[in-house]
Amino acid sequence: MILVEGTVNGKKYTEPFSKGVLSRSLTRAEVGPNRAYAMAAIIESKLKENNITKISVDELVEYIVTELKKENPLIAEKYINWRRIRQSQEPLIILIGGASGIGTSSIAFEIANRLGIKNMVSTDMIREVMRKIVSKELSPVIHESSYTACNVLRVPPPPEYDAIIVGYKSHVETVSVGVEAVIERALKEGISIIIEGVHIVPGFIREDLMEKDNVVMFTLSLSNEKMHKGRFYSRCRQTWARRPLQRYLEHFNAIRKTQNYIVSQAKTYDVPVIENIDVITTIDSIIKYITKTYGGEKNVGKQES
Ligand SMILES: Nc1ncnc2c1ncn2[C@@H]1O[C@H](COP(=O)(O)OP(=O)(O)O)[C@@H](O)[C@H]1O
Ligand SMILES: O=C(O)[C@@H](COP(=O)(O)O)OP(=O)(O)O
C-alpha cells in the first residue's frame, strides 16, 4: 500500500493513495473522467516502480504535474492553477455579473464545479428574500425586474436621463444591500462562495469589501446582440426553465441597455470584462485571473490534499 502524507490546518495526516481521489482532482483540470482514472493508474504504477510506500502531497503533485505535462502542458497549467487556489487559506468570494441572459448562472455553476466551491447564490434569490421584507410601498423598484424598474420610479428622471438605467440603478443599489450581507457573512464564516446575477455591478458593492484580495468580481459581456437573444431561446428550452421567453424578448432592448451600463461600470472600476462566447474560454479566463490575484504566493497556505 502507498501512503500519502499531508497537512490540513497545520495538522499532519496520512491516508492510503487512492486512484479515485486523484482522478477526481485531475478532472478539475478538465481531464476527462476515463483519462483521469487511467492517468491515476499510471502514476500509481510509477510510484510502485520506484518502490515508494510513503509520499508527501508535494512530491505526489510533482509526479502528477510531470505526467500532465507529457499529456498536455495546458492541462498541467490548469491543474497547477487549481491547486494554487485550493491551497489558499482565505475564503474566496467570486462575484459574477452581467445582464439577464448573458450566462452568469451557467458560468457560476461551472466555476463552482471546477474550483470545488460548494456555496453559490443568485442575486435573484437574494432579491426574492428582500421582497418578503420590503413592501412595494417602501421600495417599488425591488418588486420589479431589473429591466422594468423604470416603470415604478417615484420621481421620473429628467428628460436627459435614460429612465431604464435610472430604474436599473435604483433596483441594483437596493439588492446590493443583500449582496453585501452575503459577502460579509461568507467572510465572517470563512466560507468560499460564488454570487451571480444582474445585480453584481461594479461600483455598487462597498469599497471596503471590494478592496479585499479574496473578493473578486467579473463582468460577463456579449457584444453580439443576436447571440445574446439566442441565449433566452436556449434557456427556455432547459427542462427546468419556467420564465416566459416572450418577456425577455419584449424587454430585450432594455436588457441590452443594462448590459452596456454594466460594462461601462466595469471599465470605470477596472473590473475584468469577459466576453462569454465559449464556456471553457470564459472559465479559463476567470480561473487564470483568480490565480494571478488570489492564488498568488501571499495567499498560499499550508499544503492540503
Ligand atoms: N458561453 C456560453 N455559450 C453558449 N451558451 C451559453 C453560454 N453561457 C450561457 N449559455 C446558455 O445561455 C442561456 C442563459 O444562460 P444563463 O446562465 O441562464 O444566463 P443568466 O443567468 O445570465 O440569465 C442558458 O441556456 C445557458 O446554457
Ligand atoms: O431582474 C432581472 O433582470 C432578471 C434577472 O434574472 P436572470 O435573467 O439574470 O436570471 O430577473 P427576472 O425578474 O427576469 O426574473
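## The surroundings of ligand 2

In this predicted model, ligand 2 is surrounded by S100, G101, D124, R127, S145, S146, Y147, V198, R235, R243 and Y248. Sorted by class, the residues of this shell comprise three that are nonpolar, four that are polar and four that are charged.

Several side chains place polar atoms beside the oxygen atoms of ligand 2. A polar side-chain atom of S100 is found 2.5 Å from an oxygen atom of the ligand, while for R235 the corresponding distance between a polar side-chain atom and a ligand oxygen is 2.9 Å. For D124, a polar atom of the side chain lies 3.0 Å from an oxygen atom of ligand 2. On its own, ligand 2 has 390 Å² of accessible area, of which the protein covers 89%.

## The surroundings of ligand 1

The shell around ligand 1 holds 16 residues, and the closest of them are G103, S105, S106, S234 and R235. By class, this shell divides into nine polar, four nonpolar and three charged residues. Two helices, helix 5 (104-115) and helix 9 (225-237), each contribute at least two residues to the shell.

Both backbone and side-chain atoms take part in the polar contacts of ligand 1. A polar backbone atom of G101 is 2.8 Å from an oxygen atom of the ligand, and a backbone N or O atom of T104 likewise lies 2.8 Å from a ligand oxygen. From the side chain of R235, an N or O atom is placed 2.6 Å from an oxygen atom of ligand 1. The accessible area of ligand 1 on its own is 560 Å², and the protein covers 83% of this area.

## Packing of helix 9 against helix 11

Helix 9, which supplies residues to the shell around ligand 1, also packs against helix 11 (residues 252-268), at an angle of about 115° and with the two axes 11 Å apart. The crossing of helix 9 with helix 11 is right-handed.

In this contact, E225, H228, K229 and F232 of helix 9 meet F252, I255 and R256 of helix 11. By class, the contact is made up of three nonpolar, three charged and one polar residue.

Notes:
Residues are numbered from 1 along each chain as its sequence is written. Chains are lettered from A and ligands numbered from 1 in the order in which they are written. This is a predicted model: local features need pLDDT of at least 70, side-chain atom pairs count only at pLDDT 80 or more; totals for chains, interfaces and linings use all residues. Side-chain values use heavy atoms; hydrogens and water are left out. A residue is near a molecule or strand if one of its heavy atoms lies within 4 Å of it. A polar contact is a pair of N or O atoms within 3.5 Å; within protein, one must be able to donate a hydrogen and the other to accept it, and residues adjacent in sequence count only if both atoms are side-chain atoms. Accessible areas come from the Shrake-Rupley method with a 1.4 Å probe; for residues, only the protein chains shown count as cover. Helices (H or I, at least four residues) and strands (E, at least two) are DSSP runs, numbered from the N terminus. Ala, Val, Leu, Ile, Met, Phe, Trp, Tyr, Cys and Pro count as nonpolar, Asp, Glu, Lys and Arg as charged, and the others, Gly among them, as polar. Axes are lines fitted to C-alpha atoms, for helices over the stretch in contact, and angles run from 0 to 180 degrees between N-to-C directions. A crossing is left-handed if the near helix is turned anticlockwise from the far one by less than a right angle, and right-handed if clockwise. Contact means heavy atoms within 4.5 Å.
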